[in-house]
Amino acid sequence: MENILESENYKIQKPEHWASQIDDNQLIQSIKESDFSNKQVEEGRDFCYLLDKIYYTSDTENSEYACVAYTLNEPGNLESASARDVIVEENETYIIHRISVLRDGVLIDKIADTKIKVLDNENQSEGGVLSSSKKVNITIKDLRLYDVLITEDSRVKVFTDRDFLRKEFLKYVYITPNTYWAYGNYKFSFINDRKETIAYKKTFFRDENGNVLKPEINYLKKGERFVIEKENYINSFDENREIAPYIDFATDRSWTDLSNYISPLYEEIYSKSFLKEFAPQLAEKLDAITDKDEQLQYAIDYVQNHIYYVYNADEMNGHKPQEPAVTYENKQGDCKAKSVLLKVVLDYLNIDSSVVLVNFNSDHYISHYLPSLLTFNHVIVKVNYKDETYFIDATTRDEFGLIENRGFIYFLHYLEVKPNKQLEVKKPHKFSYYGINEKAEFIVQNNTGSLKLTSTYKGNRANYMRKYFKNTNKREIIDSWNNFLFYTLNYSNDRNGTDIRTIFQNAAIDILSDDKKLNEFTIQYTASIENPYFVDAQKNRFLMYFDRNVVKNNARDFLHTDIPFWHNFDNERYEINLQTDQRIDTQEKFTVQESTIINPYFDFTSRKKVTKNGASITVDFKPLVNLEIPAEDFEKFRNDHHTIADSNFGIGIDIIEQGLLNLLKFNFKKRLK
């Protein structure tokens, strides 16, 4: 082996007493071909002869052990096995017990052919991510196709004072393997060596018919272990439509227990933090603002934009927040620090608020998990103001508006940091405003079209569009709108392959207004178009405007059986006006078609006005959001979105060509319909 000295981040030694003790003969005996293994290899997949995986937890450490023997029959697996990285946290050690290959029936020790480097894992520091984790890079020379690679290793995380939460509570989720690998012998063990009882919950396991079984909860006392052991095993679930079965392990506590454990940590900070003492200048500025709404806006803006967000990965699993005086003085802090500072500022303004724990990434699973503080990975602020409840992410930047106009945060579950609290569910929401309110005018004279789009964005959309226009090249923005209109006007079906810039001439886009209080951002796009009509294969001409953003294809195409559809659309309003100097078919089915949809989860209307030379439509979409659509309601929900897609999301007009022959042809077509 090229490295003589071991690092504190890795070691080469025998397994711990709680791990498996496997000798060379046992390994060789386990690597035997069988009808099952041959079948997997014939089907072109790699085969794992042995996987023995153990998770061990005590009051001083969390550790994972694995012994695995698998084929390198695919070039991709050979490449990933030859060089890989292992990320180790602070006070975590990666321990190598064995690296070998079985080649032509001979077991070869590859430790001598292994090169190990320890690198800093600081590739995100410029974005405010601080981490003292290390990257252990492992390179194994002379691995060959059709070798059987055997690795045996452990990861040991010894708790420090900063890991007080991990000392007190265990949280581990065992996820059953993906469906690619087949296993000759598969074993997973969980060993509880803690003084406290560990609960475990089996979730999304299925019966022989594929039906999800009722979750099963059991308990492990100190010294007990849970074991799954299988032979000739392939995990069978539909990766595209089903959740992999998993087992959630957690210290046996209720949500109330957990809220009572954590709330004193925050209350201690609040009780000794007074804004006028540590931030007199900020207090003075707030006092100078006489309007309460504007005071609140200034407080949120200050914490979001004047306090730099630092994500300290080593401290996120602890819940002792930084004192507000330190956060204010240093002008930086993590989500806990920024949220606590914001709450202290709001306390000064006599505005009711509290800190809440969330996990946006795993929000759907929280209700399925056992209660645990380690489920959460983010802290935000709940604000009760004028009989409404708002949630503010103090780490967000470039957000504007009075509190009712700021960006809306979509999530379902949270734990309020107060005594005697249960896990709570955020209520469904109806917006009081339109996320987008757009007016489109397309007027054609002498075969030249004049197109004007005026769009007002509000809330989340205003924040996004403001940043987009700030950070994006003007030419790129115009190209994006041109491309959108290329499909909206149906030019993709009669002039595909044409340079879009030559179609939309003199295209321009400008910001008309930017109201930072209302958080409204208004833009206008204009262009002229020669030969503006869509022409079909029979040389019939049409003016068409169908904005496909109105059609929610993710709702129409949703097929998952275990995860309900998450409803998170904006209120939208569109007014589209098409005018021409030609005569149009005022009775054409799709030109006059209107719709009214009243669904428990959204209301949708389209209303038309038709004249001899044009037509207009107003589309109004108002959803009930921030909720999961129950399975029993989803098919109606889906079908109602199919109705929207059936030509109710825009308007088209048919041109009646001049001349007696064309008029006779038009009347004949009418009689055939």
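Trainee: Is glutamine 295 buried or exposed?
Mentor: Keep in mind that this model is predicted. Buried means under 20% relative accessible area. The relative accessible area of glutamine 295 is 9%, so this residue counts as buried.

Trainee: Which residues is glutamine 295 in contact with, leaving aside its neighbours within four places in sequence?
Mentor: Start with its place: glutamine 295 is found in helix H8, residues 292-306. Then set aside the neighbours within four places in sequence. The contacts of glutamine 295 are then Leu286, Asp287, Ile289 and Leu349.

Trainee: What separates the C-alpha atoms of glutamine 295 and asparagine 599?
Mentor: Along the chain, these two residues are 304 residues apart.

Trainee: Is asparagine 490 buried or exposed?
Mentor: Asparagine 490 sits in the loop between helix H12 (474-488) and helix H13 (500-503). Leaving aside neighbours within four places in sequence, asparagine 490 is in contact with Phe534, Met544 and Arg548. Its relative accessible area is 10%, and the cut-off is under 20%, so asparagine 490 is buried.

Trainee: How many residues does the protein chain have, and what percentage count as buried?
Mentor: The chain holds 17 helices and 37 strands. Its C-alpha trace spans about 95 × 75 × 50 Å along the principal axes. The chain has 673 residues, and the share that counts as buried is 52%.

Trainee: Among contacts between residues at least 6 apart in sequence, what percentage join residues at least 24 apart?
Mentor: Take the contacts in the protein chain between residues at least 6 apart in sequence. Of these, the share that joins residues at least 24 apart is 74%.

Trainee: Which element gives the most to the lining of the largest pocket?
Mentor: The largest pocket holds about 730 Å³ of space. Elements that give two or more residues to its lining include strand E2 (47-58), strand E3 (61-71) and helix H3 (75-82). With five residues, the one that gives the most is E3.

Trainee: How many of the residues lining the largest pocket are charged?
Mentor: The lining has 27 residues, and Leu51, Ala66, Val68, Arg84 and Asp153 lie nearest the centre of the pocket. In the lining, 17 residues are nonpolar and four are polar. The number of charged residues is six.

Trainee: How much space lies in the largest cavity?
Mentor: The whole structure has two cavities of 30 Å³ or more. Residues that line the largest cavity include Phe408, Tyr433, Lys458 and Asp570. That lining divides into four nonpolar, four polar and three charged residues. The space in the largest cavity is about 50 Å³.

Trainee: Which residue in E22 stands opposite valine 381?
Mentor: Strand E21 covers residues 378-385, and five bridges join it to E22. The two strands run antiparallel. Opposite valine 381 stands isoleucine 392.

Definitions and conventions:
Residues numbered from 1 in each chain as written. Predicted model: local features only at pLDDT ≥ 70, side-chain atom pairs only at ≥ 80, totals over all residues. Heavy atoms only, no water. 1 Å grid on protein atoms, 1.4 Å probe; cavity = no way out; pocket = protein on both sides within 12 Å on 5 of 7 lines; lining within 4 Å. Points joined across faces, edges and corners; volume = space filled by probe spheres on them. Helix = DSSP H or I, 4+ residues; strand = E, 2+ residues; numbered from the N terminus. Nonpolar A, V, L, I, M, F, W, Y, C, P; charged D, E, K, R; others polar. Buried < 20%, exposed > 50% of the residue type's maximum accessible area, 1.4 Å probe, protein only. Contact = heavy atoms within 4.5 Å. Pairing = 2+ DSSP bridges.
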